[in-house]
Amino acid sequence: MISQGIFSYYVGELAWCQSGGGDVDLLLIEGFCVRQGYLHVKGKFVFEVDNGYWISNDEGLFRTECLLEPGPDLSEVRGRYEIDCESSIRRRIHYNREYALAISDRARFLREKAQGKRIVMVPLILFCDDVSGNVSKKWNANYNWYFQLAGLPFEYTQLDYNVHFLATSNTLSPLQIGREVLQDVVSGLEKGINAYDVMQREEILAVGGVFLIECDNPMANELAAGIDIRRGLRFCRFCEVKRDATTGHMQVSFPAISVEDMISPMFRLGYGFSGHRHIPVEILHTFSLGLIKYLMVASIKELSDKDQKVLTVRIDALSSVGFPKPLRGNQLIQYVGSLQGKDRRAFVQVAVPVFQGLLSQKWLKAWQYLATVSVQLFSRRISDVDTYLDVLQRSLQAMMATIADINVSWLSAHAKYHTLAHVVENIREFGPAVLYMSEKFESFNKVMRNHAVHTNRHGPSVDVARRFARYAVVRHLLSGGMFKSEGRWSSPGDGLRQTFYDPIVQRVLGYKEEG
């Protein structure tokens with residue numbers, strides 16, 4: 001929602017807009033965005049015919065100054081949506097009646113609840129993972145749910161300060177916890193929460209929903225009501241590719257069928273959220289801890305003891321300029337099966353020169369394409385989406401072909417090869433894959449574990465939740481957040497707010513990295 005002059009414009013409503021040529025068009029508002037420092041409105045052109053309204057495939061993007069006044073209320077034309085699609089001129093697509101009425105009702109509901117306040121969209125990225133609640137090696141599974149605001153710049157997404165705790169339990173399943181978490185999202189944020197914008201100094205209505213869910217592949221299949229990714233015949237949550245029960249080979253895939261009666265709460269979020277499509281490919285576990293790991297392990301096994309010593313010397317002789325830390329040959333070879341994702345991403349960039357003369361050309365070619373795909377996947381900015389995705393698609397195909405040339409059975413043995421093929425469609429919908437990589441949430445697990453260890457173990461989930469609640473209040477106040485008291489918004493004093501700028505306090509809050 002934005003205010004322009006004396007009028008307010010809401011997503012899902014019609015508005016009259018004057019284009020650059022001076023024509024006045026009716027626009028169905030789909031959203032607002034900033035382009036080159038100016039606020040723009042995005043929507044689809046609407047055409048009025050004798051017996052209804054038609055929404056075209058053509059989209060428009062205009063500066064908000066082009067908005068003239070709100071258009072007709074969709075609720076007033078409810079009976080005018082039953083139109084024969086075949087009678088449409090210019091092959092226009094008839095707007096879905098149920099969806100049109102749904103967004104019309106939602107826009108009217110928000111307009112009434114806002115009561116003139118500005119509406120701010122707050123999309124969330126949820127994360128679910130299992131982590132041990134013990135310091136020792138004995139596994140004590142705790143299922144955790146965190147969230148982060150979508151749309152943050154990459155450097156801010158990596159801070160613990162911007163990762164927020166939701167729930168944890170060592171007795172409930174992730175779906176049981178997720179059902180309660182998502183119920184809070186539906187009943188709270190999607191219906192609007194009154195808040196205060198410190199920057200604009202005004203009260204707002206915060207409205208949002210689940211943008212996407214991050215997790216590793218086994219957890220993603222569980223949340224999407226799928227089957228085991230390692231042994232299941234239909235293991236892909238995006239499509240219906242099938243693994244042959246006897247040979248293990250994969251058959252041709254086709255689009256997945258929508259399932260409405262799944263027990264997973266992800267299928268009941270509404271507002272366009274899909275339990276399959278909105279749990280995108282996570283490149284940390286799929287690529288760094290998947291494809292790079294597979295080729296590293298196979299390459300090291302391909303070398304003799306003498307060649308492994310040569311490889312160690314070559315790695316140690318590399319310059320550490322441009323790397324987060326120097327590469328150690330002994331560590332990379334000895335612990336090749338348990339390296340971190342950042343170590344594998346660093347090694348893939350130097351694999352071709354250090355393996356030169358030790359492996360055959362088909363192996364070197366595979367490493368070359370793997371390094372190319374790595375650079376493309378971990379790009380933080382995309383200037384031309386179509387060109388980028390076209391290049392990425394061809395690089396992925398070339399990489400798969402070179403890996404198949406080494407051992408074609410790898411493509412069938414490891415489901416992550418197939419899963420990575422869906423990253424192109426995810427990037428087109430959600431943006432650069434590095435923005436929804438779960439590395440930031442994985443590092444936050446240590447914070448949760450520290451809280452879990454220091455409990456009496458009688459009710460760890462309650463104790464941990466209370467600790468994080470107190471921490472959230474302190475963080476809110478030290479950051480200059482507002483709170484409502486006796487009907488008016490107040491803020492902490494200047495002395496308390498200045499405490500936030502102390503480097504020690506910022507490290508404690510996770511706003512700065514340790515060291």
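User: In this predicted model, is Gln 115 buried or exposed?
Analyst: Gln 115 has a relative accessible area of 66%. Residues count as exposed when this value is over 50%. By that cut-off, Gln 115 is exposed.

User: How many residues apart in sequence are the parts tied together by the pair of Trp 363 and Trp 410?
Analyst: The two rings form an aromatic pair with 6.1 Å centre to centre and 70 degrees between the planes, which is edge-to-face. Trp 363 belongs to helix H10 (residues 361-377), whereas Trp 410 belongs to helix H12 (residues 409-413). The pair therefore ties together parts whose separation in sequence is 47 residues.

User: Are Trp 363 and Trp 410 buried or exposed?
Analyst: A residue is buried if its relative accessible area is under 20%. The value for Trp 363 is 6%, and that for Trp 410 is 16%. Trp 363 is therefore buried, and Trp 410 is likewise buried.

User: What geometry do the rings of Phe 500 and Tyr 501 adopt?
Analyst: Phe 500 is buried at a relative accessible area of 9%, while Tyr 501 is exposed at 54%. Their ring centres are 5.7 Å apart and their planes stand at 85 degrees. Planes over 60 degrees apart meet the criterion, so the pair is edge-to-face.

User: How many aromatic pairs does the whole structure contain, and which residues form one aromatic cluster?
Analyst: A search of the whole structure gives 21 aromatic pairs. One aromatic cluster is formed by Phe 127, Tyr 146, Phe 165, Phe 441, Phe 444 and Phe 468.

User: Which arginine lies over the face of Tyr 38, and which sits over the ring of Tyr 161?
Analyst: Over Tyr 161, the charged end in question is 5.9 Å from the ring centre and belongs to Arg 475. Over the face of Tyr 38, at 3.7 Å from the ring centre, lies Arg 63.

User: Which strands form the edges of the open sheet of four strands?
Analyst: The order in this sheet is S11-S10-S9-S14, and the pairing is mixed. An edge strand here pairs on one side only. The edges are therefore strand S11 (164-169) and strand S14 (210-214).

User: What is the bridge partner of Leu 126 in S14?
Analyst: Strand S9 (residues 124-132) runs parallel to S14, and four bridges join them. In S14, Leu 126 has as its bridge partner Ile 213.

User: What share of the 515 residues counts as buried?
Analyst: The chain comprises 18 helices and 16 strands. Of its 515 residues, the share that counts as buried is 46%.

Note on methods. Residues numbered from 1 in each chain as written. Predicted model: local features only at pLDDT ≥ 70, side-chain atom pairs only at ≥ 80, totals over all residues. Heavy atoms only, no water. Helix = DSSP H or I, 4+ residues; strand = E, 2+ residues; numbered from the N terminus. Buried < 20%, exposed > 50% of the residue type's maximum accessible area, 1.4 Å probe, protein only. Phe/Tyr/Trp six-rings, centres within 6.5 Å; stacked < 30°, edge-to-face > 60°. Lys NZ or Arg CZ within 6 Å of the ring centre and 35° of its normal. Pairing = 2+ DSSP bridges.
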